[in-house]
Amino acid sequence: MKRILTLLAATLLAGGVAAQAAWPTKPIRMVVPFTAGSGTDIIARTVGDVMAKNLGQPVLIDNKPGAGGTIGAAQVAKSDPDGYTVLIHSSGHALNPSIYPALAYDTVKDLTGVTPLAALPNVLVVSPSRGWKTVADLVAAAKAHPGQMNYASAGMGSATHMNAEKFRLRAGIEAQHVPFKGTPEALSDIIGGRNDWFFAPLSAALPLIKDGKLQALAVSTSQRSPALPGVPTTVEAGIADSEYTFWVGMIVPSATPPAVVQRLHDEALKALNSPEVKERLVKLGAEPFTMAPEQFNAYIRTEMGSAAQIARAANLKAQ
């Protein structure tokens, strides 16, 4: 009996190794649940391009925006668990279970983490026409007109929404939430002066800041961004406990074979360690951010707990 079990274990191990070695034999689809040009999309394309070269198979970006990323996430959760359909989501993935009462998937049971890819600041931006130069200017204007200001997000439950709500609560201000399908659409409305402020992914906002189309007031992370060294953090700007890190990660259906998950993980790290991706991330103000699959799953669960606290405090619920 012992010999039979040993042979069975060896067979399963050999099968897993074979599956990992054979994969991939066709194109890989990366589902990005936000619009093209969003922070999540930019990271997906940056990493996906190098993965495609290394794997010898096309990596196709499929933008499925809407509902804070839950539409794309649901499609991946229901897809074949073979490693050919991959979700590239943001930290809003951890908030969605708290604000969408009837998700079409279970965040923990139906999806599993491969690795985070990058961490990047959000940057609090406003239209230069507003005349606000500091966070204190914005907060003073909001308190002078409670509930009359509007802030944009890349969708209900997105990382940009979570960041804005944490900031709003810590600053003690009232404002109306205006969700968009993605970051580019929200940035357009800020530039046009139709919304007052937005916590935009730095990767998407940086060119517009440099062109003078946006005024940067603060970055969301605990440290200043090397890409904007003269811009303070929100904490430095006087809003205690307001830091927020926007992360982008790779996720697959939970039934994906462990050998394929590991191969995806290894190939993602190989891409992140390539000179071209490192250079691109620096220009975007982002940093590589990686974990083993089991560590990433634990991190997602921790993030879900933190997000739930913010959702309760802000009374966030999708309609």
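Here are a few friendly notes on this predicted model.

1. Some ground rules. Residues are numbered from 1 along each chain as its sequence is written. In this predicted model local features need pLDDT of at least 70, side-chain atom pairs count only at pLDDT 80 or more, totals for chains, interfaces and linings use all residues, and side-chain values use heavy atoms, with hydrogens and water left out.

2. The overall fold. The chain has 11 helices and 11 strands (DSSP runs numbered from the N terminus: H or I of at least four residues for helices, E of at least two for strands). Its radius of gyration is 21 Å, close to the 20 Å of the globule rule for 319 residues, so the chain is as compact as a globular protein of that length (taken over C-alpha atoms; the rule is 2.2 Å times the number of residues to the power 0.38). The C-alpha trace spans about 75 × 40 × 30 Å along its principal axes.

3. Burial. Of the 319 residues, 55% count as buried (under 20% relative accessible area, with a 1.4 Å probe and protein chains only).

4. Pro 33. You will find Pro 33 in the loop between β1 (28-32) and α2 (39-55). Pro 33 is buried, at a relative accessible area of 0%. Beyond its neighbours within four places in sequence, its contacts include Lys 64, Pro 65, Leu 87 and His 89 (contact means heavy atoms within 4.5 Å). Pro 33 and His 161 lie 128 residues apart in sequence and 15 Å apart in space, C-alpha to C-alpha.

Notes
Buried < 20%, exposed > 50% of the residue type's maximum accessible area, 1.4 Å probe, protein only.
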